[in-house]
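This report describes selected features of one protein model.

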Amino acid sequence: MRFIIFVLKFLFGLGLSLVLISVGVAALAVWYFGRDLPNYQQLVDYQPPIVSRVHAGDGRLLAEYATEKRVFVPVKEIPMRVIHAFLAAEDRNFYSHMGIDPVAMARAGATDIMRVLTHRRPIGASTITQQVAKNFLVGGELSYQRKIKEALVALKMEKALGKDRILELYLNEIYLGSGAYGVAAAALTYFSKSLDELSVPEAAFLAALPKAPNNYNPLRYPDAAKTRRDWVIDRMVEAGFLSPEDGAQAQATPISLRHRDETEVVTANYFAEEVRRDLLGRYGEKALYQSGLSVRTSLDPNLQAIADRSLRAGLVAYDRRHGYRGPVAHIVAGSDWRARLAAVPVPAGAGDAGWQTAIVLSAGAESTTIGLADGTIGLIPFDEMRWARKVIDEDRLGAVPTRPTEVATVGDVVLVEPLAGEDKGAKERRYTLRQIPAVSGALVAIDPHTGRVLALTGGFNYEMSQFDRATQARRQTGSAIKPFVYLAALDHGYTPSTLVLDAPVVIDQGPGLPKWRPSNYERRYFGPTTLRVGLEQSHDLMTVRMGADIGLDAVAHYVERFGIMDHMPREYSMLIGAEETTPLRLTAAYAMLVNGGKKIVPTLIDRIQDRNGVTIYRADDRPCDGCENVNWDNQPPPELPDNREQIVDLRSAYQIVSMMQGVVERGTGRVVASLGRPLAGKTGTTNESNDTWFVGFSPDLAVGVFVGYDQPKGLGRHETGGVVAAPIFRDFMAAALKDQPPIPFRIPPGIELVRVNATTGALARPGDKTVIYEAFKPGTEPTGEGPVVVSGGSTLTDDEDAASMGVTAGEAPDSETSAAGAPPPVAPTPTTTAPRTVPATGTGGLY
């Protein structure tokens with residue numbers, strides 16, 4: 001008996017000693033590993049990186065920017081079926097344990113012994129709290145030291161943060177595959193749904209992903225994904241979150257992924273990239289990619305689609321006029337042609353344009369038979385190949401082809417597009433031959449009253465080139481600058497009926513510099529000409545005389561005030577378009593003409609909100625007293641003040657608008673007149689047709705079009721702004737204004753409309769063929785007689801050698817003039833001499 005008592009005492013003492021030793025070791029471990037535990041308090045106010053989203057003007061998604069694609073959702077807003085699915089799969093006892101689960105740890109420990117012995121990775125038994133500790137604070141190192149620290153941090157987190165905050169951090173932080181972080185982003189990625197729209201099977205699928213999201217990708221491993229999802233559903237039934245009947249029904253549901261519909265997303269890559277650069281400049285990279293900005297832009301998706309379509313069609317039309325550069329590739333057209341064709345890379349830009357690669361299988365007298373990568377057999381009618389003249393060199397094309405084999409031979413890989421109106425179910429569909437244009441361009445559409453950029457496309461295709469020609473390309477304007485030279489003249493005493501001599505001139509550029517002899521397009525001149533006709537027909541020589549008369553400082557003031565350039569060199573070549581600017585800046589300047597001379601700044605962003613919905617930027621900064629917290633009861637909207645700066649006499653602005661309307665009706669832009677509605681604009685072409693422009697407007701929409709090669713070179717003879725750019729403007733306006741009634745240009749107070757002869761500017765007389773209503777400021781109407789502006793001072797003289805230069809008088813050409821013969825810009829000699837004039841009988845004018 002004594003022996004038994006002794007043994008019991010010994011065992012008790014030994015046990016007590018072991019307990020004390022264990023407690024001591026545990027205390028020592030807690031002290032040792034707890035010395036440098038990460039500061040879990042930072043998680044109290046932690047805000048995870050979330051995606052910044054950019055929306056079009058109608059609210060549709062335009063772009064997302066994030067280092068981790070995440071949408072933060074407070075735990076109280078997460079549906080219980082989603083929470084139950086994750087608790088069942090990851091930590092069934094989450095709301096009852098203290099941060100660690102000893103029972104689960106013991107069970108996992110026993111299992112891990114066998115896994116280690118078989119050289120497999122331990123499975124562990126981390127609670128959700130431990131996973132948060134690992135993901136945020138401790139790291140994922142596979143070691144017992146990390147597990148101890150993880151457990152210690154988890155215990156402390158439970159006391160400091162509380163269960164709901166820990167679950168909130170977990171559900172918003174966890175990576176769920178396909179680039180999605182957090183349950184909200186995953187719901188959008190896999191099912192294109194918000195959390196409250198998820199079904200039980202969908203929530204269970206998301207809960208199946210945390211352990212190994214790539215291994216349960218339903219596209220790559222559908223069976224494994226369904227097995228894992230069904231396991232989660234079984235766990236939900238076991239935990240009492242689902243009834244057995246509901247669980248069986250959920251397991252019978254297939255995994256059906258759904259991506260965002262095209263109607264939910266807007267594609268405008270050049271616009272989106274410009275917005276991204278703006279946000280990056282305002283707030284920096286971290287804020288853009290991690291702070292969850294919500295950005296509402298000015299983009300009009302309908303106008304953007306029209307802009308993309310119109311510019312592409314215009315570039316293709318120009319490119320076709322300049323020949324066919326040959327097939328994409330050449331392969332053997334054997335029995336395995338489909339595999340060979342599929343191996344040929346599709347040229348960048350073709351897919352977005354709706355074009356496909358095809359192999360030429362045979363060529364007949366009237367058509368070419370082609371095969372597509374999907375096995376479809378089609379035909380290219382010869383009429384769709386006649387444009388494909390062979391390019392010999394930059395300036396020469398071969399003869400118009402007479403048969404298909406002169407264009408394509410068997411084995412050629414070519415780009416094709418189905419002909420419009422073709423039956424998709426036809427046995428042999430018909431196609432047209434395509435090629436990616438070598439030329440590029442830009443189109444910008446602006447609301448002239450606010451400066452909001454409604455559409456912007458900076459090239460044929462963003463995939464081909466991310467260089468945005470709308471905002472980054474600085475190109476010479478050519479004659480597109482002339483409205484601002486004429487505007488300066490109108491504010492310096494000229495009228496639309498003032499006569500200016502259009503004849504050869506010589507400009508003295510200063511000591512030691514050669515004289516400059518600018519010339520009109522096609523080297524013809526037209527004598528005394530009204531300002532209106534000079535602008536309509538884009539005469540260079542009279543523009544130079546007029547600019548010399550009013551002075552380069554005066555012209556530069558307008559160019560700079562309208563934002564075309566920050567500083568215009570005081571050089572005569574600037575008068576006819578040697579200056580460089582971007583399509584966006586020039587279009588904004590034109591917008592300020594049609595809005596009555598009000599200062600606007602082009603903007604792509606309407607509003608920016610932070611992650612909490614607080615507005616941190618608004619483009620419209622007009623004050624609005626009483627606009628907030630107002631109940632609407634059919635009362636009229638508040639009247640907001642117009643705080644736009646008046647930068648030019650609104651009467652002069654209207655006179656220019658009226659003259660530019662004549663450019664469309666009778667001048668170099670009359671290809672636009674076919675639309676039959678009030679439109680105005682101006683063509684522009686530089687030396688050798690390196691740059692072509694058409695910038696214009698309706699009363700409520702300003703649009704600029706530029707076309708040119710990225711490495712400037714001539715577009716070809718007769719390829720002027722009126723031929724290349726104006727048709728793109730016309731097609732855009734035709735679609736953009738399709739459902740809108742024609743609106744006349746608004747006439748401001750202080751303008752008198754007088755009937756005049758459109759050619760001479762004189763008061764209209766019986767028998768005059770072309771009579772218009774001309775806009776005059778009171779007291780400036782033509783009186784029947786007036787002088788002609790001949791020269792602008794000592795720096796400018798008549799060119800007496802004109803005859804020897806082959807210059808002949810003639811009628812106004814159909815195409816516009818350009819800055820032909822313009823030298824490199826040089827500083828001119830200032831002039832203060834009064835203009836020389838000669839009388840002109842029966843015409844109107846001030847000089």
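Asp621 sits in the loop between strand 23 (615-618) and helix 20. Helices (H or I, at least four residues) and strands (E, at least two) are DSSP runs, numbered from the N terminus. Asp621 counts as exposed because its relative accessibility is 60%; exposed means over 50% relative accessible area, buried under 20%, and partly exposed in between, with a 1.4 Å probe and protein chains only. Its C-alpha atom is separated by 9.0 Å from that of Asn643, 22 residues apart along the chain.

The model is predicted: local features need pLDDT of at least 70, side-chain atom pairs count only at pLDDT 80 or more, and totals for chains, interfaces and linings use all residues. Residues are numbered from 1 along each chain as its sequence is written, and side-chain values use heavy atoms, with hydrogens and water left out.

Glu536 belongs to helix 16 (residues 531-536). With a relative accessible area of 3%, Glu536 is buried. Not counting residues up to four places away in sequence, Glu536 touches Met659, Gly662, Val663, Arg666, Gly667 and Thr668, where contact means heavy atoms within 4.5 Å.

An open sheet is formed by 5 strands in the order 15-14-26-25-24, with antiparallel pairing. Strand 15 (453-457) and strand 24 (680-685) are the edge strands, each pairing on one side only. From one strand to the next, the twist averages 5°; axes are lines fitted to C-alpha atoms, for helices over the stretch in contact, and angles run from 0 to 180 degrees between N-to-C directions. Two strands count as paired if DSSP finds at least two bridges between them. The table lists pairs within this sheet.

| Strand pair | Sense | Bridges |
|---|---|---|
| Strand 24 and strand 25 (residues 692-698) | antiparallel | 6 bridges |
| Strand 14 and strand 26 | antiparallel | 7 bridges |
| Strand 14 and strand 15 | antiparallel | 4 bridges |

Gly681 stands opposite Gly696 in strand 25. Ala442 faces Phe706 in strand 26 as its opposite residue, and Ile446 is opposite Val453 in strand 15. Strand 14 and strand 15 make a hairpin with 6 residues between them, and Gly451 in the turn has a positive phi of about 85°.

Strand 14 is mostly covered, with 7 of its 7 residues buried. The covering applies to both faces: Ser440, Ala442, Val444 and Ile446 are buried on one side, and Gly441, Leu443 and Ala445 on the other.

Helix 20 (residues 650-666) lies across strand 24 and strand 25, running at about 65° to strand 24. Helix 22 (residues 726-736) also packs on the sheet, where it touches strand 14 (440-446), strand 24, strand 25 and strand 26 (701-708). The direction of helix 22 makes about 145° with that of strand 26.

**Nonpolar cores**

A nonpolar core is a set of buried Ala, Val, Leu, Ile, Met, Phe, Trp, Tyr and Cys residues joined through side-chain atoms within 4.5 Å. The largest has 91 residues, of which Phe562 and Phe697 touch the most other members. Helix 19 (residues 583-594) supplies the largest share of this core, 9 residues. Leaving aside neighbours within four places in sequence, Phe562 is in contact with Phe484, Leu487, Ala589, Met592, Leu593, Lys599, Ile647 and Val648. Another core, of 48 residues, lies apart from the largest one and includes Val73, Ile128, Ile166 and Ala203.
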